[in-house]
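Notes follow in the order I checked them.

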Amino acid sequence: MTFVVTENCIKCKYTDCVEVCPVDCFHEGPNFLVIDPEECIDCTLCEPECPVQAIYPEDDLPEDQQKFLEINEELSREWPVITEMKPAPDDAKEWEDVPGKLDHLER
């Protein structure tokens with residue numbers, strides 16, 4: 001099993017989760033984070049750290065977020081690893097809990 005970053009992270013990109021990850025499995029894109037399923041050790045530390053509840057265990061992934069399992073896998077091969085917390089985007093608060101953000105995902 002792995003943990004999956006879902007749609008609610010898009011354009012919020014809080015990095016609280018990165019700070020607690022013991023294996024550096026997070027990868028950073030322009031406006032989204034992903035988890036490398038090959039590196040994730042299912043430690044559960046990242047999930048409660050996400051201020052917008054964008055991280056789920058694979059087994060509890062909501063039906064409408066299933067596509068993010070593949071997105072995390074694909075983009076973790078392309079994007080660089082992030083190992084330190086960074087400031088959130090200036091407009092992150094405006095994007096919290098906004099539905100239908102997949103069209104805003106920058107690759």
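I count a disulfide when two cysteine sulfur atoms lie within 2.5 Å. The model I am reading is predicted.

**Cysteines.** How many disulfides does the rule give? I get 0 disulfides. I looked at Cys 17 next. Cys 17 is in no disulfide, and the nearest cysteine sulfur, that of Cys 50, is 6.2 Å away. Cys 17 is buried, at 4% relative accessible area. Then I turned to Cys 43. Its closest cysteine sulfur belongs to Cys 21 and sits 6.0 Å off, so the distance is too far for a bond. Is Cys 43 buried or partly exposed? I note Cys 43 as partly exposed, because its relative accessible area is 28%.

**Aromatic rings.** I find 2 aromatic pairs in the structure. One of them joins Phe 32 and Trp 79 edge-to-face, with 6.5 Å centre to centre and 80° between the planes. This pair links distant parts of the chain, 47 residues apart. Phe 32 lies in the loop between strand 2 (26-28) and strand 3 (33-35), and Trp 79 lies in the loop between helix 2 (67-78) and helix 3 (92-95). Both residues, Phe 32 and Trp 79, are buried. I also log one aromatic cluster, made of Phe 32, Phe 68 and Trp 79.

**Asn 8.** I located Asn 8 in the loop between strand 1 (3-5) and helix 1 (16-20). Asn 8 counts as buried because its relative accessibility is 14%. Its side chain reaches the backbone oxygen of Val 52 at 2.7 Å. Leaving out residues up to four places away in sequence, Asn 8 touches Val 52, Ala 54, Glu 96, Asp 97, Val 98 and Lys 101.

Key:
Residues are numbered from 1 along each chain as its sequence is written. This is a predicted model: local features need pLDDT of at least 70, side-chain atom pairs count only at pLDDT 80 or more; totals for chains, interfaces and linings use all residues. Side-chain values use heavy atoms; hydrogens and water are left out. Helices (H or I, at least four residues) and strands (E, at least two) are DSSP runs, numbered from the N terminus. Buried means under 20% relative accessible area, exposed over 50%, partly exposed in between (1.4 Å probe, protein chains only). A polar contact is a pair of N or O atoms within 3.5 Å; within protein, one must be able to donate a hydrogen and the other to accept it, and residues adjacent in sequence count only if both atoms are side-chain atoms. Contact means heavy atoms within 4.5 Å. Rings of Phe, Tyr and Trp (its six-membered ring) pair if their centres lie within 6.5 Å; planes under 30 degrees apart count as stacked, over 60 as edge-to-face and the rest as tilted.
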